[in-house]
Structure formats: C-alpha cells, structure tokens
Amino acid sequence: SFYKDGALHISPCDGVAIDAITDDFITLTASRYVHAVEICGDGVFAENSRMTEGCRAPVWYTKNATFKNFDINGVKAFRECDDIKLIDCRAVSPELGWCCRGVEIEGGDITSEYFLLNSSDIKIDGLRFKGKYSFQYTKNVEIRNVVFDTKDAFWHSENVTIYDSEIKGEYAAWYSKNLKLVRCKISGTQPFCYVENLVMEDCETEGCDLSFEYSSVNATVKG
C-alpha cells in the first residue's frame, strides 16, 4: 500500500517496480515534510512518472535502480547511491547525484548546480546539460555526445574522457588530472589551467583566452 502521510515512503525496499505514479502520490504532503518521497532500497525500476519540487530529497542510499522517462525536480535527488541508471529523464535538481558510484545516463535533459559532486564510475551518452560547478571531484568518467553549458566544470576531477561533445563555459577543468578530450568543441575563457596530463585530440576551441596556464598538455587543436 502507498500512504500519502509520512516523511519516508518506499523505504527500505527491495525489488520495487513503479509505473506512472500520479502527482497526488508523488507530491504527498510536501509542505509538512522535508522528505516528501524517499526511495531507499535495492533493485528499483521506475518509469513514466514525476517527482515534483516538493520531493526535496528523493532516492538516497539506493542500489541497482533504473529511472526511465522520469521528471525529477527534487532539490537533492540521488545521493550516496550505487549503480543508478537514468534513461531519457528530465531533471531540474540543484544538488543532483552527489557521492554516487556507478552512474549511467542515456539521453535526457538535466539542469543542475554541483551536478554529480564527488561521484565516480560515470558513463554518460547523449545528454543535454545546463548548470554550473558540475562534475567537480568526479573520478573515472566517460562522456559521449553531450552538450554542456556550464561554468567551473570538472574542477579537481580525475580520469575523465570526453568524446564528440561541446563544452561551453568559463574556467573548465581547473586542477583536474588525466583529462582527455577527443573531437570536442570548447568555448569560454580560461579553460584547462593547473591541469596535470591533459590530452586533446582533434579538438576545436573558440574564445578560449588564457588557456593552459601551469598545465601539462599534449594537444592537436584548431582555433
């Protein structure tokens, strides 16, 4: 059974499948409770549903979960999770995906500040992303076919490889380590400063003044 009253819902749980949750359930009593909905467990599949702004901190400490065609609007969605997959999801969540391990994202549209802070083992393909301070302190990241519109991205990151993507925004990847970009387009002032072991293959830059300060770089670049 589902309950509309209470701070913690679907917690703890194992092997849960959710399809087309109504707004009445997902909103619950958000004005009274900080955690309007919390999904916490192992083996969760949810699709065709929506978390409203009232779902302040949904999906914490969850393992092996897939969310497909989901609207995610909670401020602090997905934290301390393992093996999370988002497929064609739309998200507006300032603190999305903190301290997670094993994140896969396919398609979708995400707006977030501090996106995936301190997370690791990340694979992303075909995402449209807008925000700032994204991917900071991330490790072991592979990204393909993504459009980024973000400032201060990838600061202090390690072992990040980006293919066939567009990075728009200032101060990209300061203090990062082992960053590789292949066939990418980069625009914005002062990218790639204080970087250790930066590799760029067949990349294009535009408006990237004051680049590469105090960095070790191996690059083939147009622009």
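Analyst: Two strands count as paired if DSSP finds at least two bridges between them. Strands themselves are DSSP runs of E with at least two residues, helices are runs of H or I with at least four residues, and both are numbered from the N terminus. The model is predicted, so local features need pLDDT of at least 70 and side-chain atom pairs count only at pLDDT 80 or more, while totals for chains, interfaces and linings use all residues. Residues are numbered from 1 along each chain as its sequence is written, and side-chain values use heavy atoms, with hydrogens and water left out.

The part in question is built around strand S11, residues 128-132. On one side of the pairing list is strand S9 (residues 109-113), which runs parallel to S11 and is joined to it by five bridges. Within this pair, aspartate 109 lies opposite arginine 128 of S11. S11 also pairs with strand S13 (residues 147-151), again in the parallel sense and over five bridges. Here lysine 132 has lysine 151 of S13 as its bridge partner.

Lysine 68 is partnered by isoleucine 87 in S6. Five bridges also join S6 to strand S8 (residues 101-106), in parallel, and leucine 86 faces isoleucine 105 of S8 as its opposite residue.

As for the setting, the protein chain has 19 strands and one helix. Of its 223 residues, 50% are buried, meaning under 20% relative accessible area with a 1.4 Å probe, protein chains only.
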